[in-house]
Amino acid sequence: LKEDFINTIEMIEKDDNVFFLIDSVGNVASAKEIDDARTGSDKADMTRAKQLKSLMRIIFMPLDIRNLPCVCINHTYASQEMYSKQVVSGGTGIYYNSNTIFVISRAQEKERQSDKEISGYKFTINIEKSRFVREKSKFPIHVSFSDGINKYSGLFDLAKDMGYIEKATAQTYVRTCLVGNPNLTDDVE
């Protein structure tokens, strides 16, 4: 992978429109792992983390110089700290060289609480690391089986957080730019 990747990057000019995708970094096999499978050896592969870190060191600088995007899909695991959190697998090479790291979680969506039938999923994009967006931000995306991706996912919560709407009663919200103006009413339920 390292050799193919760097050879491909070096053939590309600065303004070429190319997109790289590694799916999944956690499933990339090392040369030792493949050799062990051929010979029937069950020894642990202690070279994997070093090779993965080497791959990230080798590819990310040429990618940045040529303005080429690379998306690496990876696994996460729960840390064994007192307050467990999701950690990107593969060591620090991926973490340090990445411009942005998203950890995506998923929850089931149901029409009503009493329903047993799943109507879709609510994905939450957690910004673990970013050079462009505030870290630890969360972006919800609702996907229903019948309608697909809701393009307005998260806008209501964003409007509340930014103060564009506020709670008027227990069941209604009002746009703050209309509060105190008797000529305008625009209640949102």
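The structure is a predicted model, in which local features need pLDDT of at least 70 and side-chain atom pairs count only at pLDDT 80 or more, while totals for chains, interfaces and linings use all residues. Residues are numbered from 1 along each chain as its sequence is written, and side-chain values use heavy atoms, with hydrogens and water left out.

## Overall form

The secondary structure of the protein chain comes to five helices and eleven strands. Helices (H or I, at least four residues) and strands (E, at least two) are DSSP runs, numbered from the N terminus. The C-alpha trace spans about 75 × 45 × 35 Å along its principal axes. The radius of gyration of the chain is 23 Å, whereas a compact globule of 189 residues would have a value near 16 Å. This radius is taken over C-alpha atoms, and the globule rule is 2.2 Å times the number of residues to the power 0.38.

Of the 189 residues, 26% count as buried. Buried means under 20% relative accessible area, exposed means over 50%, and partly exposed lies in between (1.4 Å probe, protein chains only). Among contacts between residues at least 6 apart in sequence, 38% join residues at least 24 apart; a contact means heavy atoms within 4.5 Å.

## The nonpolar core

A nonpolar core is a set of buried Ala, Val, Leu, Ile, Met, Phe, Trp, Tyr and Cys residues joined through side-chain atoms within 4.5 Å. The largest such core has 18 residues, and those with the most contacts inside it are Phe5, Phe20, Ile59 and Leu63. Helix H1 (2-11), strand E1 (20-23), helix H3 (48-65) and strand E5 each supply at least two of its residues. The largest share, six residues, comes from H3. When neighbours within four places in sequence are left aside, Ile59 is in contact with Phe5 and Ile9.

## Strand E1 and its surroundings

In a regular strand the side chains alternate between the two faces of the sheet. The covered face of E1 holds Phe20 and Ile22, and the uncovered face holds Leu21 and Asp23. E1 and strand E2 (residues 70-73) run parallel and are joined by four bridges; two strands pair if DSSP finds at least two bridges between them. The bridge partner of Ile22 in E2 is Cys72. A cis peptide bond, with omega of about 5°, joins Asp23 and Ser24. Ser24 is found in the loop between E1 and helix H2 (31-39).

## The four-stranded sheet

An open sheet of four strands has the order E5-E6-E7-E8, with antiparallel pairing. Strand E5 (100-109) and E8 stand at the edges with a single partner strand each, so one side of each is left without a neighbour in the sheet. Ten bridges join E5 to E6. The bridge partner of Ser105 in E6 is Thr124.

## The aromatic cluster

Rings of Phe, Tyr and Trp (its six-membered ring) pair if their centres lie within 6.5 Å; planes under 30 degrees apart count as stacked, over 60 as edge-to-face and the rest as tilted. By this rule the count comes to five aromatic pairs. The rings of Tyr121 and Phe123 have their centres 6.2 Å apart and their planes at 50°, so this pair is tilted. Tyr121 and Phe145 form an edge-to-face pair, with 5.8 Å from centre to centre and 80° between the planes. This second pair links distant parts of the chain, 24 residues apart: Tyr121 is in strand E6 (residues 120-130), and Phe145 is in the loop between strand E7 (138-144) and strand E8 (148-149).

Tyr121, Phe123 and Phe145 form one aromatic cluster. Phe123, at 26%, counts as partly exposed, and Phe145, at 54%, counts as exposed.

The charged end of Arg106 sits over the ring of Tyr121, 4.3 Å from its centre. A charge sits over a ring if NZ of Lys or CZ of Arg is within 6 Å of the ring centre and within 35 degrees of the ring normal.
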